[in-house]
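I opened this one up for a slow look around. Here is the notebook page that came out of it.

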Amino acid sequence: MARLKNVEKLAQLIGGRAEQFSDNSGTWVSLEDENFEICFSFDGKGNKFEGVRVSQKIYEVVEYKTIALIQNK
């Protein structure tokens with residue numbers, strides 16, 4: 001049985017999935033819901049813990065400015 005990397009161990013513990021950049025420069029596990037995300041970062045090999053980021057998701061409403069309105073009353 002292969003030895004698990006730290007990023008894989010954390011993924012199993014918190015129920016997430018270990019992911020990595022295509023160039024193997026970093027790995028991470030993240031948990032999210034509709035409002036927040038917590039991301040645990042590791043080195044490219046997935047063994048050395050580098051940090052944790054907690055982010056709030058912000059959605060902006062984009063509206064259209066009315067230039068002309070033509071109504072049939």
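**Ground rules.** I am working with a predicted model, where local features need pLDDT of at least 70, side-chain atom pairs count only at pLDDT 80 or more, and totals for chains, interfaces and linings use all residues. Numbering starts from 1 along each chain as its sequence is written, and side-chain values use heavy atoms, with hydrogens and water left out.

I took helices (H or I, at least four residues) and strands (E, at least two) as DSSP runs, numbered from the N terminus.

**Hairpin.** Next I followed β3 to β4 (residues 49-56): the two run antiparallel, joined by seven bridges. Strands count as paired if DSSP finds at least two bridges between them. Six residues separate the strands of this hairpin, and Gly-46 in the turn has a positive phi of about 80°.

**Phe-42.** Which residue stands opposite Phe-42 in β4? I found Phe-49 there. Beyond four places in sequence, Phe-42 also touches (heavy atoms within 4.5 Å) others, including Val-7, Leu-10 and Gly-26.

**Ser-30.** I placed Ser-30 in strand β2 (residues 27-32). Is Ser-30 buried or exposed? Its relative accessibility is 18%, so Ser-30 counts as buried (under 20% relative accessible area; exposed is over 50%, partly exposed in between, with a 1.4 Å probe and protein chains only). Outside four places in sequence, Ser-30 contacts Glu-19, Glu-37, Ile-38 and Cys-39.
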